[in-house]
Amino acid sequence: MSLIAVGILFIAGFLSGVVNAIAGGGTFLTFGAMTMLGVPPISANATSSIAQFPGYITSTWAYIDDIRSMWRGAIAFAVISAVGALAGALILLSLDNVAFGALVPWLLLAATALFAAGPWLRPKKLAERPEGAPATLAGRVVQFFTSIYGGFFGAGMGVMMLATLGLTEGGDYHRLNALKNMLSIVIAAVAIAVFASGGVVAWTHAAIMVPGVALGGYAGVWTARRVPQGIVRALVVAIGLFLAFYYFTKG
């Protein structure tokens, strides 16, 4: 691998961490950088899951007290999410790169639209639910299908979970965000295990990006206080549309 490629991957990881800390959507950058460097789309998708994983852990730890207060419902969601992520990851591995490559521009368009609609999808404070209340049946069913998507193609997964959990579970935004962060760990961990066993992870690329993501997440806190989220969100949407156009024209 050339030094230029190493630099591109590290910068993509760094910017991904910054963007995730401010508005989310960093997967667009890591996935796009790898595929443009010639990494097959399935491998790029799998490796992006690993690159983003440390950020899921740190964001979940920040909400550990909220998670403890609703651990019964959280465990139920975690089990369902693991099963859904397993199904999604196995579906991905059942495809070849040509078939998945044909889906990539459509997936990017859908994820970009979902990300752009994030501010409107973000749940407001709905009907209060008592702490520790069990997950609703509707919430479990919807989370199962959301987890399939997350195991298959993770871009936009966080926005999707916030929206669906808000609609089915209600409650305070921070409660929903804490649950979303924890379930992101479960979904990513299962997907990573499947991808690693399937031999589709580009470990060298992941090793280059992970430190960049970690540093970018730290820098993103500083950036978040100075750059309006709207600007970052517009930049991520532009990148998503560019990548979708790129893969459509690439065929």
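Here are some exercises, with worked solutions, on the predicted model shown above.

**Exercise 1. Get the overall layout**

Work out how many helices and strands the protein has, and what share of its residues is buried.

*Solution.* 
Step 1: Now walk along the sequence. The pattern reads α-α-α-α-α-α-α-α-α-α-α-α.
Step 2: Next, look at burial. The protein has 251 residues, and 50% of them count as buried.

**Exercise 2. Follow G84 in its helix**

Find out which helix holds G84, whether G84 is buried or exposed, and what G84 is in contact with beyond its neighbours within four places in sequence.

*Solution.* 
Step 1: Locate the residue. G84 sits in helix α5, which covers residues 71-94.
Step 2: Look at the helix itself. α5 has 24 residues and spans 34 Å from its first C-alpha to its last, close to the 34 Å expected at 1.5 Å a residue.
Step 3: Decide on burial. The relative accessible area of G84 is 0%, so G84 is buried. Other residues of α5 are buried too, including G73, F77, I80, G88 and L92.
Step 4: List the contacts. Once you set aside neighbours within four places in sequence, G84 touches F144, S147 and I148.
Step 5: G84 and F152 are 68 residues apart along the chain, and their C-alpha atoms are separated by 9.5 Å.

**Exercise 3. Explore the nonpolar cores**

Say how many residues the largest nonpolar core has and which of them touch the most other members.

*Solution.* 
Step 1: Keep a general idea in mind. In soluble globular proteins, nonpolar side chains tend to be buried together.
Step 2: Count the members. The largest nonpolar core has 44 residues, and F28, F100, L108, F153 and F195 touch the most other members.
Step 3: Ask where they come from. Helix α6 (residues 97-116) gives the largest share of this core, with seven residues.
Step 4: Look for a second group. Another core lies apart from this one and has 19 residues, among them I67, A78, A85 and L176.
Step 5: Zoom in on F28. Leaving aside its neighbours within four places in sequence, F28 is in contact with L108, A111, T112, A155, V236, I239, G240 and L243.

**Exercise 4. Compare two aromatic pairs**

Describe the ring geometry of the pair F31 and F153 and of the pair F144 and F145.

*Solution.* 
Step 1: Recall what you need. A pair of aromatic rings is described by the distance of the centres and the angle of the planes. This structure holds eight aromatic pairs.
Step 2: Take F31 and F153. Their centres are 5.7 Å apart with 90° between the planes, which makes the pair edge-to-face.
Step 3: F31 lies in helix α2 (residues 27-36) and F153 in the loop between α8 (137-152) and α9 (157-168), so the pair ties together parts that are 122 residues apart in sequence. Both F31 and F153 are buried.
Step 4: Turn to F144 and F145. This pair is also edge-to-face, at 5.4 Å centre to centre and 75° between the planes.
Step 5: Check accessibility here. F144 has 27% relative accessibility, so F144 counts as partly exposed. F145 reaches 53%, so F145 is exposed.
Step 6: Look for a bigger group. F31, F100, F152, F153, F242, Y246 and Y247 form one aromatic cluster.

Definitions and conventions. Residues are numbered from 1 along each chain as its sequence is written. This is a predicted model: local features need pLDDT of at least 70, side-chain atom pairs count only at pLDDT 80 or more; totals for chains, interfaces and linings use all residues. Side-chain values use heavy atoms; hydrogens and water are left out. Helices (H or I, at least four residues) and strands (E, at least two) are DSSP runs, numbered from the N terminus. Buried means under 20% relative accessible area, exposed over 50%, partly exposed in between (1.4 Å probe, protein chains only). Contact means heavy atoms within 4.5 Å. The expected span of a helix is 1.5 Å times one less than its number of residues. A nonpolar core is a set of buried Ala, Val, Leu, Ile, Met, Phe, Trp, Tyr and Cys residues joined through side-chain atoms within 4.5 Å. Rings of Phe, Tyr and Trp (its six-membered ring) pair if their centres lie within 6.5 Å; planes under 30 degrees apart count as stacked, over 60 as edge-to-face and the rest as tilted.
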